[in-house]
Amino acid sequence: MNEINPIGTVSTAPKTKNLNFKAGSYANVTSDYDTFVKKQEKQQKQAKRKQNLLTGLQAGAMLAIIASVGFAFFGSKFLGKSDKALKQMMERDLSKVKDFKDLNYNQEITEFVNNWKQSLENPQLLKDKGGEPIRTALLYGPQGTGKTTFVEAITKMFPDTKLFDLNVTQMGSEYQSVGERNFKNAIDLICKEADKNPKKKFIVLIDEIDSVMMTDNSLNAKHSNDMLNEFKKAFTEKLKKRDNIFTFGATNLDINMEKGMTIGKKMLDRPMLDRFDEKVLIGLPNAKQLAQTIANNYSKASKVPEVLKSADSREVKAIAEFLEKHGSSFRTLESLYKKGGTLSAEELTMKDFAKAIKGKQAELNFTDAEFAKLLSDLKINV
């Protein structure tokens, strides 16, 4: 009988019964049929292997074409950033960074820095006392309070120390897995340089670190959790295992450390949070800090009122108290007198300063009546 087999050829299958003339009777002879079936099964398996191989080659060719087209149209966005691009993005110039002593952080932050510095300068003494150097810290607090400036300033404390600023958001990409690849390659570059220079200190600032610490239950959960897992691995197995690398994470989120969540109720990955040796709150500056910052800024300027050069003057105190009341950050204050910005440190009057504050009314959210009270305290009219 004719059968069409699965590999597309026509064959004739032997009957299962044959005459056995030698025996002089009918007998069941199945050996020919069994041989035929085994042969057909072998041919089918060989045909399937060929088909799988062909499919694999076609798929590989298609992926190669997609990769070529993707690179042609999207370049590094498709394959990730080059080592050179990553280094340029991460390396920071500290030549214009202020010394830590010239910054007006509060007493708690100053004490933390002193303890951290001692742990690095006398690691053996610390070890003899049963302690360990502070090698990782999470900095959190409102935007503009000086977290990046803080890390830049403490880097300057040690000669021949290099800072890498690893911004997680900049490492990201609209293409899945490219962000993870960029992040992994960046960490590998840092570790490679640290291994080549074991006597040199390296400080890593991971800015906007919350973007890889959130627990995600959304539709994008797999991609987000892949990034979180890559970060955990890099943090634990690479950065923390090298004695000459010190890692600081920074976030603008307000975090409840006991509950491991932000004030907006977004959950952070608790195991990752606990991997940091210290958690340091860098909050909004108080009036005393703001007053000292104003005075420091104008201390060497020749064409400004003398009252702006003293943190104890009535005018500077009035301005500082007003700014503190309305939640001014160091960044907001800097925008009032930064060169190229609203005011210049070289020449201004009290009226200029008051007008600059008025220009921040929407940001600082004060009323006209409150501003009028400030003008009265400064004894000027605008």
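1. The lining of the second largest pocket holds 8 charged, 6 nonpolar and 2 polar residues. Here Asp, Glu, Lys and Arg count as charged, Ala, Val, Leu, Ile, Met, Phe, Trp, Tyr, Cys and Pro as nonpolar, and the others, Gly among them, as polar. This is a predicted model, where local features need pLDDT of at least 70, side-chain atom pairs count only at pLDDT 80 or more, and totals for chains, interfaces and linings use all residues. Residues are numbered from 1 along each chain as its sequence is written, and side-chain values use heavy atoms, with hydrogens and water left out.

2. That pocket has a volume of about 350 Å³. Pro123, Pro133, Arg135, Asp243 and Phe246 are the closest to its centre among the 16 lining residues (an atom within 4 Å of a point on the 1 Å grid).

3. On to the rings: the whole structure has 16 aromatic pairs (ring centres within 6.5 Å; planes under 30 degrees apart are stacked, over 60 edge-to-face, the rest tilted). Trp116 and Phe248 form an edge-to-face pair, with centres 5.7 Å apart and planes at 75°. Trp116 sits in helix α4 and Phe248 in strand β8, 132 residues apart. Trp116 is buried at a relative accessible area of 1% (buried means under 20%), and Phe248 is buried with 1%.

4. Phe322 and Phe366 are also worth a look: their planes stand at 65° and their centres lie 5.0 Å apart, so the pair is edge-to-face. Phe322 belongs to helix α12, Phe366 to the loop between α15 and α16, so the pair ties together parts 44 residues apart in sequence. Phe322 is buried at 8% relative accessibility, and Phe366 is buried at 4%.

Terms used. 1 Å grid on protein atoms, 1.4 Å probe; cavity = no way out; pocket = protein on both sides within 12 Å on 5 of 7 lines; lining within 4 Å. Points joined across faces, edges and corners; volume = space filled by probe spheres on them. Phe/Tyr/Trp six-rings, centres within 6.5 Å; stacked < 30°, edge-to-face > 60°. Helix = DSSP H or I, 4+ residues; strand = E, 2+ residues; numbered from the N terminus. Buried < 20%, exposed > 50% of the residue type's maximum accessible area, 1.4 Å probe, protein only.
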